[in-house]
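Hi,

Here is the structure I said I would pass on.

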Amino acid sequence: MVDLKSQYENIKDSIDSAILDTVRSTQFINGPQVKSFTKSLAEYTGSKHVIPCANGTDALQIALMALDLKAGDEVICPSFTYVATAEVISLLGLTPVMADVDPKTFNITSELVKPLITSRTKAIVPVHLYGQSCDMEGILKLAKSNNLFVIEDNAQAIGVKYTFQNGSVHNTGTMGHIGTTSFFPSKNLGCYGDGGAMFTNDDDLAMKLKMIANHGQEVKYYHKVIGCNSRLDSIQASILDVKLKHLDEYSAARNQMALRYDEVFSTVEGLEIPKRQENSTHVFHQYTLKTNPELRDKIISHLKENGIPAMIYYPVPLYKQEAFSHYVDPDFEIPNVERLCKSVFSLPIHTEIESSNQDYIIKEIQNFFN
Ligand SMILES: *Cc1c(COP(=O)(O)O)cnc(C)c1O
């Protein structure tokens, strides 16, 4: 789905020397590379604070821990997302309340979240799915008038810009109280192992996040709160510092490939191209098409037979996962989400696509429909 090998080959010299320098420095944990990268990422995103951690799931967990919520408090998240978003809510004894999504943009909206708010609701976790922003203006307004925290799961949308009605432009992950992201290798800004980060403009929250990620201590061996151990290591940080300089190029390449897909697939009867969310740029973490549920699995088999990977993100709604079954009635269903899980499929999208590869993928899809 991603071509990490050619991406590496194109920046091999800088990556190799970044890794080797870190190894030679032997400062594997909290080395200067970590400080340098978090500073670069703060500048890039415009976030006042960036707190690195071990992965995107930890980032979500630590963000929720910093809000001092109580067992049974409700946190609203989409029901169409990666499991990590809801998993950490449950893990902390909070109750995930799974929202419907707009089937055109795949994202939650303030209209869909509003009816789910109760006296126990404490936070909303919007996910900027596939690489474009949710309607943050509406969600932030709703959260403010109901006194709710907003934690943006920005694992799929690093580099996305959202424009408010007054013209101000902000990066996804920096608009809520806390934003989180993942540096998993296949993410848009991926390292060569695991990594993650949290974003906030609030000084107190920043201190708390940092403390929780470091065993609840500000001063070594004096533990104020129960925390965890979640670090981005120096080698990963040195790799990310190199790759961050290329992130905008990578997003542009993904957009170029997406536009070409759009051009062809918009004329194919039986395919629906991804809609652009209003006021948001897109970084195409995934290029996701919709089709008739009867055809979807046949298309994927046809592509696989011809050596083309295609994936379903996500085949099962969160409320239908066994792990979450105790939160909902056995027959609970959200029609939009049911239908999405049966009709979406994602095509390869690369940062260094050879146009001939894309032509081959396009040709095989056209063959299927002809
Ligand atoms: C990848 C991802 C995560 C988790 O990130 P990890 O680094 O794998 O823990 C969380 N939420 C979403 C939406 C993701 O895509």
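Keep in mind that this is a predicted model. I'll begin with the second largest pocket, which has a volume of about 450 Å³. Its lining takes in 26 residues, and the ones nearest the centre are Y82, A155, S182, F184 and K187. Two helices to look for are α4 (56-65) and α5 (84-91), each of which supplies at least two lining residues. By class, the lining of this pocket splits into 11 nonpolar, 11 polar and four charged residues. As for where it sits, domain 1 (4-244) and domain 2 (247-369) both contribute to the lining, so this pocket lies between them.

The largest pocket comes in at about 590 Å³. It has 24 lining residues, with N30, V34, I51, P52 and K210 nearest its centre. The elements giving two or more residues here are α3 (32-45), β1 (49-53), α8 (203-213) and β10 (217-219). Of these, α8 gives the most, with six residues. The lining of the largest pocket is made up of 10 nonpolar, seven polar and seven charged residues.

Searching the whole structure turned up two cavities of 30 Å³ or more. The largest cavity holds about 60 Å³, and 13 residues line it, with V2, L4, Q7, R254 and T351 nearest the centre. Four of the lining residues are nonpolar, five polar and four charged. Both domains take part here too: domain 1 (4-244) and domain 2 (247-369) each provide at least three residues of the lining.

The second largest cavity has about 40 Å³ of space. Its lining residues include F106, Y130, P274, H282 and F284, and by class the lining has six nonpolar, four polar and one charged. Domain 1 (4-244) and domain 2 (247-369) both give residues to this lining, so the second largest cavity also lies between them.

One residue I looked at separately is S343, which belongs to helix α12 (residues 335-343). Is S343 buried or exposed? With a relative accessible area of 4%, S343 is buried, because the cut-off for that is under 20%. Its side chain reaches the backbone oxygen of R339 at 2.5 Å. Beyond its neighbours within four places in sequence, S343 is in contact with L289, K290, T291, P293 and R296.

Cheers

Key: Residues numbered from 1 in each chain as written. Predicted model: local features only at pLDDT ≥ 70, side-chain atom pairs only at ≥ 80, totals over all residues. Heavy atoms only, no water. 1 Å grid on protein atoms, 1.4 Å probe; cavity = no way out; pocket = protein on both sides within 12 Å on 5 of 7 lines; lining within 4 Å. Points joined across faces, edges and corners; volume = space filled by probe spheres on them. Helix = DSSP H or I, 4+ residues; strand = E, 2+ residues; numbered from the N terminus. Nonpolar A, V, L, I, M, F, W, Y, C, P; charged D, E, K, R; others polar. Domains from an automatic or database assignment. Buried < 20%, exposed > 50% of the residue type's maximum accessible area, 1.4 Å probe, protein only. Polar contact = N/O pair within 3.5 Å; in protein donor to acceptor, adjacent residues only side chain to side chain. Contact = heavy atoms within 4.5 Å.
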